[in-house]
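Colleague: I am new to this structure and would like to learn how to read it. Please take me through it feature by feature.

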Amino acid sequence: LLDEVRQEHEGGEEGQLSINVVHFDHGLRAESKEEAKFVEGLARDRGMPFYMQALDEADAARFRENSGGMQEYTRIWRRKVMGEVAAKIKEQSRPDTKVYLVSAHHSDDQLETILMKLLRGAHISKLHGMKYKDDLDPPMLRPLLDISKQELVRYLKDLQQDWREDSSNHESTYKRNKVRIQLIPLLQDLCGGKHALASRMNGLSHQSMQLQQWMEEVTPAIKFGRRFDKRTLPLDFFYAESRELLRNSVIHQFISSEASDLILSYTQLLKIAQQLEEHPNNLNWSLDLGKGWQVLRSGPLLMVDREEGELPNGSVDILGDVNVGVEVDGPWSVMVTAGQKPPPPVEGKRRVLPEDVCFTIHNVPAGSQMIVRTKLAGDRFFPKGVGKDERLKHFLRFQRIPVKERDEIPLICFKSLPSSSSSSSSFP
């Protein structure tokens with residue numbers, strides 16, 4: 001495909017096209033080094049400059065231990081490195097040279113992107129897929145978005161060209177892989193086939209993009225300010241604008257531009273708008289947005305700030321001598337100490353926030369395994385003051401916990417040593 005692109009542009013009116021190949025070795029799979037050599041060979045055979053970018057060993061080890069945030073962190077790393085390589089190419093080229101980043105995202109990736117946004121609860125104006133061109137610095141091009149993976153593989157077979165398949169694509173460890181392996185085949189079956197599902201998702205994407213464009217046109221021009229080296233959003237527009245969609249759109253745009261690695265859900269957006277609308281005289285407050293980000297009101301201004309040293313979701317921070325195994329199976333970060341309350345802030349450690357849940361659990365046997373997870377079918381526990389165990393399902397129902405929230409409540413469970421009884425207990 002690179003050959004086809006080069007042949008099409010050679011001798012064109014816009015000047016000579018030079019293709020540079022950048023390969024990322026995350027060091028997370030045993031075969032990654034061999035794959036890097038394979039890509040390098042393809043580039044060298046075609047006379048294309050090759051840039052090899054390897055993830056630092058310490059970062060690779062950390063990502064392996066904390067797979068929950070690995071895809072997001074490596075995406076940010078790749079984008080940063082591509083920008084650096086583009087700047088290097090620009091310096092070595094003529095002053096009028098234009099540099100573009102070109103990715104191989106195809107139509108299957110596009111479908112996964114839209115479904116992932118739906119699952120995250122993205123704003124309706126953000127439910128569109130990737131654009132053919134993003135006006136970034138440097139610009140990002142995606143010329144293969146209308147071509148499926150199946151078509152690309154068939155094309156390579158016709159050329160008798162080998163290719164490499166990332167083995168991790170077939171693992172159900174990551175949510176995106178589950179969408180690809182489990183959800184998409186089911187949706188295709190329910191919609192009447194692969195093309196029917198693609199047509200519906202593309203229609204949704206097109207409508208979402210049209211809505212975004214319309215809102216950008218009619219949204220009043222807001223001048224962002226600065227305070228304490230942070231960009232601020234004046235709130236006078238919020239109380240002057242009667243159209244809820246536009247008010248919320250401005251807030252969403254402001255927060256998303258500041259917290260670029262955060263996907264702000266519509267539920268979070270409504271919570272912020274509700275706080276502003278119902279408590280206009282409360283001039284100082286903050287709301288947690290996740291990933292360490294907070295939105296804060298300070299007088300007539302809205303700001304976005306990030307706590308330094310925030311633990312990523314699914315991680316565990318052990319302080320002191322804790323003789324208990326700990327694992328987290330869910331979107332939470334856990335700090336564990338033994339025999340004392342969480343310590344005050346220290347450099348390099350995340351401080352304990354008022355929104356955090358902190359409590360003491362007594363008489364935990366040494367060597368036990370503590371697991372933080374959500375509810376499973378058949379879970380039972382001993383409520384305080386009750387002489388017998390009870391089904392967790394019935395307990396939550398009696399507490400009038402909304403049905404939608406029962407499967408999201410974090411549970412702290414303890415599994416005894418293998419030499420002891422196999423009983424376990426949980427604390428909702």
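The dialogue below goes from the whole chain to its core, its helices, its strands and a few single residues.

Colleague: What should I know before reading any value?

Modeller: This is a predicted model, in which local features need pLDDT of at least 70 and side-chain atom pairs count only at pLDDT 80 or more, while totals for chains, interfaces and linings use all residues. Residues are numbered from 1 along each chain as its sequence is written, and side-chain values use heavy atoms, with hydrogens and water left out.

Colleague: How many helices and strands does the protein have?

Modeller: Helices (H or I, at least four residues) and strands (E, at least two) are DSSP runs, numbered from the N terminus. The protein has 13 helices and 18 strands.

Colleague: What percentage of the residues count as buried?

Modeller: Buried means under 20% relative accessible area, exposed means over 50%, and partly exposed lies in between, with a 1.4 Å probe and protein chains only. Of the 428 residues, 33% count as buried.

Colleague: Which residues touch the most other members of the largest nonpolar core?

Modeller: A nonpolar core is a set of buried Ala, Val, Leu, Ile, Met, Phe, Trp, Tyr and Cys residues joined through side-chain atoms within 4.5 Å. The largest one here has 22 residues, and I251, I255, I272, L289 and V295 touch the most other members. At least two residues of this core come from each of α9 (236-240), α10 (244-258), α11 (266-278), β8 (284-290), β9 (293-298) and β10 (301-306). Another core lies apart from it, with twelve residues that include F24, L55, L101 and M140.

Colleague: What does L289 touch?

Modeller: Contact means heavy atoms within 4.5 Å. Not counting residues up to four places away in sequence, L289 touches I255, L262, L264, Q268, I272, Q294 and V295.

Colleague: Where is R247 found, and is R247 buried or exposed?

Modeller: R247 is in helix α10. Its relative accessible area is 11%, so R247 is buried. With neighbours within four places in sequence left aside, R247 is in contact with F237, F238, E241 and E277.

Colleague: How are two packed helices described?

Modeller: The description uses the angle between their axes and the distance between the axes. Axes are lines fitted to C-alpha atoms, for helices over the stretch in contact, and angles run from 0 to 180 degrees between N-to-C directions. In this model, α5 (residues 107-120) and α8 (residues 194-218) pack at an angle of about 60°, with their axes 10 Å apart.

Colleague: Which residues meet where α5 and α8 pack?

Modeller: From α5 come L111, I114, L115 and L118, which meet L197, M201, L204 and S205 in α8. Ala, Val, Leu, Ile, Met, Phe, Trp, Tyr, Cys and Pro count as nonpolar, Asp, Glu, Lys and Arg as charged, and the others, Gly among them, as polar. By that division, the residues of the contact of α5 with α8 are seven nonpolar, one polar and no charged.

Colleague: How do strands of a sheet pair?

Modeller: They pair through backbone hydrogen bonds, either parallel or antiparallel. Two strands count as paired if DSSP finds at least two bridges between them. Here β8 and β9 run antiparallel and are joined by six bridges, with L287 opposite V295 in β9. Their hairpin has two residues between the strands, and K291 takes a positive phi near 55°. β9 also pairs with β10 in the antiparallel sense over six bridges, and R297 stands opposite L302 in β10. That hairpin too has two residues between its strands, and G299 in the turn has a positive phi of about 65°.

Colleague: Why is β9 largely enclosed by the rest of the structure?

Modeller: Because five of the six residues of β9 are buried.

Colleague: What is the order of strands in the open sheet of three strands?

Modeller: The order is β3-β5-β4, with mixed pairing. The edge strands, β3 (101-102) and β4 (133-134), each pair on one side only. β4 and β5 (residues 140-141) run antiparallel, joined by two bridges.

Colleague: Which phi value does Q160 have, and where is Q160 found?

Modeller: Q160 is not a glycine, yet its phi is positive, about 55°. Q160 is in the loop between α6 (149-158) and α7 (175-191), and is exposed, with a relative accessible area of 74%.
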